[in-house]
Amino acid sequence: MNEPLTNELDEDDARFADDALSMLAPVPPSEALVARIRAIPGEHPRARVIEVVFRRSSMVALAAAALLGLLTGGLVDLDLTTTSEPSALDLPYGFDWTNGDLEGLDP
Amino acid sequence: MSDALEADRKLLARVSSGDQAAFAELSSKHLGAIVTYATRLTKSRSDAEDVAQETFLRAWQNAHRYEARSPAVAWLLTIAHNAAIDRLRKKPLASLEVDDARDRAPDSTKPSELLEKKDERARVEAALDALPERQKEALLLTHEQGLRPPEVAEILGVTVEAVESLLSRGRRALRQALSEKSP
């Protein structure tokens with residue numbers, strides 16, 4: 001059970017510890033625990049596969065979100081060009097647009 | 001590789017391929033050792049059973065990681081040790097209860113012998129509990145679970161020399177405590 005001990009006192013202590021701990025009764029698992037352990041393969045039939053699929057689906061979701069972001073950005077840009085208010089590009093040169101007065105401008 | 005290690009390697013290889021019969025064999029072989037060790041560490045039967053369940057769930061999910069450097073029971077005890085330590089760290093100190101006396105296998109049918117053994121067992125348990133955690137763990141893994149110092153070192157995450165030192169100090173302290181308390 002143990003590696004060879006050089007010291008005689010240590011050997012004696014080791015034998016004593018062996019005797020002392022042999023007095024401890026092993027703790028048997030309850031029937032409920034045995035049933036819980038037995039159910040593990042059924043409850044987690046493809047644990048590793050699920051993990052891989054989850055990781056892959058997370059990556060797919062990230063890619064989809066990035067693509068959606070690009071598309072949404074494009075749509076926002078499109079939306080800005082179709083606003084009823086004139087864009088900065090449509091304003092006459094030197095127009096002070098800090099006062100917000102857009103009246104009199106051609107649509 | 002020894003025959004026992006080779007047998008463990010084959011068994012865990014079957015488990016990693018999803019063989020439920022192999023998993024049942026693994027659990028029926030080692031569940032008792034895991035529950036016993038977890039009970040000694042957590043001092044709670046229900047916590048120990050949760051630790052055991054977590055241990056075998058992790059074993060089922062990670063059987064491909066077993067490298068057959070040590071026996072399967074040592075690998076399982078490593079998982080159980082870490083799960084029990086995690087649980088103890090998360091648990092408030094006040095909620096730690098000693099309820100591990102339930103559901104023990106009876107040692108004797110004679111009341112006098114039973115009482116005597118219970119008394120002896122209680123003294124050993126008390127002496128063990130009075131030791132520093134690392135010494136107690138090293139003693140339990142060596143003298144109760146029958147592991148060798150290199151296997152204990154791997155479980156405790158220390159060197160073999162450190163395990164030998166823990167064992168030497170732990171054994172001496174245990175002997176001293178039990179001698180002092182002897183009637």
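Colleague: How are α1(A) and α6(B) oriented to each other in this model?

Modeller: This is a predicted model. The axes of helix α1 (residues 8–22) of chain A and helix α6 (residues 133–144) of chain B come within 9 Å and cross at roughly 80°. Angles of 65 to 115 degrees count as roughly perpendicular. The two helices, α1(A) and α6(B), are therefore roughly perpendicular.

Colleague: Which residues make the contact between α1(A) and α6(B), and how many of them are nonpolar, polar and charged?

Modeller: From α1(A) the contact takes A:Ala14, A:Ala17, A:Asp18 and A:Leu21. From α6(B) it takes B:Leu139, B:Leu140, B:His143 and B:Glu144. Sorted by class, the contact has 5 nonpolar, 1 polar and 2 charged residues.

Colleague: Is B:Leu140 buried or exposed?

Modeller: B:Leu140 sits in helix α6 of chain B. Buried means under 20% relative accessible area. B:Leu140 has 0% relative accessibility, so the residue counts as buried.

Colleague: Which residues is B:Leu140 in contact with, leaving aside its neighbours within four places in sequence?

Modeller: The contacts of B:Leu140 include B:Leu128.

Colleague: What is the geometry of the aromatic pair of B:Phe23 and B:Trp60?

Modeller: A search of the whole structure finds 3 aromatic pairs over all chains. In the pair of B:Phe23 and B:Trp60, the ring centres are 5.3 Å apart and the planes stand at 65°. Planes over 60 degrees apart count as edge-to-face. The pair is thus classed as edge-to-face.

Colleague: Which helices does the pair of B:Phe23 and B:Trp60 link?

Modeller: Both B:Phe23 and B:Trp60 are buried. They are 37 residues apart, and the pair links distant parts of the chain. B:Phe23 belongs to helix α2 (residues 20–42) of chain B, and B:Trp60 to helix α3 (residues 45–62) of chain B.

Colleague: Which residues do the ring pairs link into a cluster?

Modeller: B:Phe23 and B:Trp60 form one aromatic pair. Ring pairs bring B:Phe56 into a cluster with these two residues. The cluster is B:Phe23, B:Phe56 and B:Trp60.

Colleague: Which residues is B:His30 in contact with, apart from its neighbours within four places in sequence?

Modeller: B:His30 lies in helix α2 of chain B. Its relative accessible area is 10%, so B:His30 is buried. The contacts of B:His30 are with B:Phe56, B:Ala72, B:Val73 and B:Leu76.

Colleague: What is the phi of B:Lys43, and is this residue buried or exposed?

Modeller: B:Lys43 is in the loop between α2 and α3 of chain B. Its phi is near 60°, a positive value in a residue other than glycine. At 16% relative accessibility, B:Lys43 counts as buried.

Colleague: Where does B:Ala68 lie, and what is its relative accessible area?

Modeller: B:Ala68 has a positive phi of about 55° although it is not a glycine. The residue lies in the loop between α3 and α4 (72–90) of chain B. B:Ala68 is buried, and its relative accessible area is 6%.

Colleague: How many residues of helix α7 of chain B are buried, and which are they?

Modeller: Helix α7 (residues 149–156) of chain B is mostly covered, with 6 of its 8 residues buried. Just after α7(B), B:Gly157 takes a positive phi of about 70°. The buried residues of α7(B) are B:Pro149, B:Glu151, B:Val152, B:Ala153, B:Ile155 and B:Leu156.

Colleague: How many helices and strands does chain B have, and what share of its residues counts as buried?

Modeller: Chain B has 8 helices and 0 strands. Among its contacts with a separation of 6 or more, 67% come from residues 24 or more positions apart. The chain exposes about 8900 Å², of which carbon and sulfur atoms supply 52%. Of the 183 residues of chain B, the buried share is 48%.

Colleague: What share of the residues in chain A is buried?

Modeller: Chain A has 4 helices and 0 strands. Chain A exposes about 8400 Å², with carbon and sulfur atoms supplying 61% of this area. Of the 107 residues in chain A, the buried share is 15%.

Key. Residues are numbered from 1 along each chain as its sequence is written. Chains are lettered from A and ligands numbered from 1 in the order in which they are written. This is a predicted model: local features need pLDDT of at least 70, side-chain atom pairs count only at pLDDT 80 or more; totals for chains, interfaces and linings use all residues. Side-chain values use heavy atoms; hydrogens and water are left out. Axes are lines fitted to C-alpha atoms, for helices over the stretch in contact, and angles run from 0 to 180 degrees between N-to-C directions. Angles under 35 degrees count as roughly parallel, over 145 as roughly antiparallel, 65 to 115 as roughly perpendicular and the rest as oblique. Contact means heavy atoms within 4.5 Å. Ala, Val, Leu, Ile, Met, Phe, Trp, Tyr, Cys and Pro count as nonpolar, Asp, Glu, Lys and Arg as charged, and the others, Gly among them, as polar. Rings of Phe, Tyr and Trp (its six-membered ring) pair if their centres lie within 6.5 Å; planes under 30 degrees apart count as stacked, over 60 as edge-to-face and the rest as tilted. Buried means under 20% relative accessible area, exposed over 50%, partly exposed in between (1.4 Å probe, protein chains only). Accessible areas come from the Shrake-Rupley method with a 1.4 Å probe; for residues, only the protein chains shown count as cover.
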